[in-house]
Amino acid sequence: MELDTLVRRTLREWADEARVPAGLADAALRRRRRRVRWAWLSVELAAAVTGMALIAVNLLVPHEKDAQPGWWTPALAQPVVARNAAGNDLRADLRSPPRRLVTAGRAALSAYRVGPEWYMYDPPTGGYRLVPWAYVNVAKGLGRAAVLAGPLPTERIGIYDMTARRMLGWVPLSQPAATVAWSPDARRLLATHYRRVESQDGMGQGRIGFRGGFTVVDLVSGRTRFRNLPGPVASYPNALRWSMDGGLIWVPPTMADESKRFYTLDGSPAQAPEGEASLGEEAGLSPDRRLVATNHRGFDMNGKPAGQGPLTAVADVRTDQIIATQPVEQLIAWADPQNLVALNCAPYCDSPKGGEFHNRFVLVSLDGRSIRPLTGFRQNSQDPDAWQPYFTLR
Amino acid sequence: MDAEAERQFREFVVARSPALMKLAFLLSHGDQHRAEDLLQVSLAKTAARWRSVDDPERYVRTVLHREQISWWRRWGRRKETVTDTPGEVASADRTVEVDLRLAVRTAMGRLTDRQRAILVLRYFEDLPDNEVARLMGCSVGTVRSTAHRSLAKLRKLSPELAELTGLSTTTDSRR
C-alpha cells in the first residue's frame, strides 16, 4: 500500500470519530450576538471608574493563608540579580541555538526549550544549561527561576537560585499547576492550574485537562491566594499572564473569544490598562507606554497580495496611527525605546524550503532600517523540536 | 439577520454540520473541544455575512481553514502552550492496517499545523493543489513540496511506515 493511500484512509476513519454537538446553529448565532454585546459592554467599562468592582462572573473560592507559613524562608523574599547579565549592551551568538547569553538592551534570552527539554541561562558559565524540569520561568534580573518538576500538572513550585545553582525552596499549592510566571517586580508568582486527567490504561502518566484557576504567591509575605477561573483545555495557550505593572492578570484570546480578558488578583473582571488590550504583537507597549507594537501584515491569509514580504508596525497608543514599520515577521520585546527584538525570515522568506519558518532573532530599529542578528537561523520554527526562546528583562 | 435568513442558516447548519464537523475535527488533530470552537466561530462569521454569501458550504470551509491558520499563527506560536503526550493505546487484536493507521495518527501529531492542514486538504478534502494553495495563501510549488516533506516526515517518525512503498503516482501529478 502507498503511504498517501494510507493517510487518506486514516483521515476518513478518524473523521468519523467527530461528534456533532447539539444546537450548533443556536451556539453560532449566540456567539455572534455576544460579540456585539461585548463590544457594547467594553464601551461601558471604559466609562466606568477605574478600580470599581465589576460584575463577578465566576464563583470565587478564596484560600487565604496567614503570613510566613512553614515553607517560607527569608531567602525566598530576596530578589537575586545575575551581575554578569546586567547592563544594556548587545550580545549576539549566531549559533542555533545560542550557547552564550544573548542580550539586547533591557531584554535577554533567559531560557529556551527544545521539545520537552529546557535550557536555562547559567550565570556561573555565561552560557545555557540543560535543566531537569518540565516548566521554567526566569525572573527579571536573570538570577532566580520558578520551576515545575514533571509530570505536569504538579502541586509545588520550586524557587531556584541560578547564580548559586541551588534550590531555595518549594512553594506548595492547593491545586495542580502546569505553568508559572514571575510578576514584573520579581516578588510574586502566578501559577495557572489545570485539572489532572488520569490515563485510561493505568500505565501512562496523568494528562493536563481544563484550566481550573490560578494562585498568586507573594514571596515577601508568604501569602498564597487561589481563585477559580475556569478555561479551555491546556492545548490552548491559555496560561494567565501579568499586566505590565503587575497590578492585574489577563487571559489570552481563544478562538471563541478574540479579546484579552483582564482580571484583578481576586479574579474579578477588570478594565484593560490603556494600550494593553491590543491584540497586536507580543512586544506590546514600549517602556514609556507611548507606542504599541501592532499586528504583522505580511503573509496575510485574507486577500492581501502575496509576495509583499513580512511587515510589522508600531503605532501611537493615543491616536492609533502607525508611526513606523519594520520588515520583520514578529516583534517580540522592546530592547529600548528605539529598538525591538524581532523574528525575521530574510533572506529566506520567499524560499520554498522553510519560507517564513526559516527565521532567526534580530534587533530591529523602530524605523526598520537597522537589523542586527542576535541568533542563528532555525530551519523550521514550527517543527516541535525547533528551539523556542524566552526573553526576560534583565 | 431577519427571520427568513435565520431559518435558511439553521437549515444549512443542520444539513451540513456532520461534514463540516469532520473537517474541523481533523484540522484540530482530533481535539473535539477545539473542533467545536473552531466550527462555531466559523459558522458565526458565516452568519454575519449570510446575505452576501453565494456558496455557504465553500465559504464555511474557507473560514474554517483561515481561522485555524490565523489563530495559531497569532497565538499558537507563543510559548505558554502546555503540551503533553497522548497515552499509548492498549494493543489488542489489531490488524496490520489498524496498526498502521494508529501510527499515522501519532506521527501526524508531530507535524506542524501547516503540514497537517495541507495533508487534510489534499487527502481528506481531495482538493486540487491550486485550491489548496489559495486556501493556504502560498504557491502551488510550496503545497507540493510541503506535502512531499510531510509524508517523508511521517515515514521517518514511524518505522512501520518507512516500510511502505513510495507514493502513488497521483501525489506528484496533481494539479
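This is a predicted model: local features need pLDDT of at least 70, side-chain atom pairs count only at pLDDT 80 or more; totals for chains, interfaces and linings use all residues.
Visitor: What makes A:Cys345 and A:Cys349 a disulfide?

Guide: A disulfide requires two cysteine sulfur atoms within 2.5 Å. The S to S distance between A:Cys345 and A:Cys349 is 2.0 Å, so the pair qualifies. By this rule the count over all chains is one disulfide. The link is right-handed, with 105 degrees about the S-S bond, and both A:Cys345 and A:Cys349 are buried.

Visitor: Why is B:Cys138 called buried?

Guide: Buried means under 20% relative accessible area. B:Cys138 has 17% relative accessibility and therefore counts as buried.

Visitor: Why are helices H6 and H7 of chain B called roughly perpendicular?

Guide: The axes of H6 (residues 129-136) and H7 (residues 140-157) of chain B cross at roughly 100 degrees and come within 8 Å. Angles of 65 to 115 degrees count as roughly perpendicular, and H6(B) and H7(B) are therefore described in that way. In their contact, B:Asp129, B:Asn130, B:Val132 and B:Ala133 of H6(B) meet B:Val140, B:Val143 and B:Arg144 of H7(B). These residues divide into four nonpolar, one polar and two charged.

Visitor: How do you know that strands S14 and S15 of chain A pair?

Guide: Pairing requires at least two bridges between two strands. Three bridges join S14 (residues 249-251) to S15 (residues 261-263) of chain A, so these antiparallel strands pair. A:Ile249 has A:Tyr263 in S15(A) as its bridge partner.

Visitor: What makes S13 and S16 of chain A edge strands?

Guide: The open antiparallel sheet has the order S13-S14-S15-S16 in chain A. Strand S13 (241-242) and strand S16 (269-270) of chain A each pair on one side only.

Conventions. Residues are numbered from 1 along each chain as its sequence is written. Chains are lettered from A and ligands numbered from 1 in the order in which they are written. Side-chain values use heavy atoms; hydrogens and water are left out. Helices (H or I, at least four residues) and strands (E, at least two) are DSSP runs, numbered from the N terminus. Axes are lines fitted to C-alpha atoms, for helices over the stretch in contact, and angles run from 0 to 180 degrees between N-to-C directions. Angles under 35 degrees count as roughly parallel, over 145 as roughly antiparallel, 65 to 115 as roughly perpendicular and the rest as oblique. Contact means heavy atoms within 4.5 Å. Ala, Val, Leu, Ile, Met, Phe, Trp, Tyr, Cys and Pro count as nonpolar, Asp, Glu, Lys and Arg as charged, and the others, Gly among them, as polar. Buried means under 20% relative accessible area, exposed over 50%, partly exposed in between (1.4 Å probe, protein chains only).
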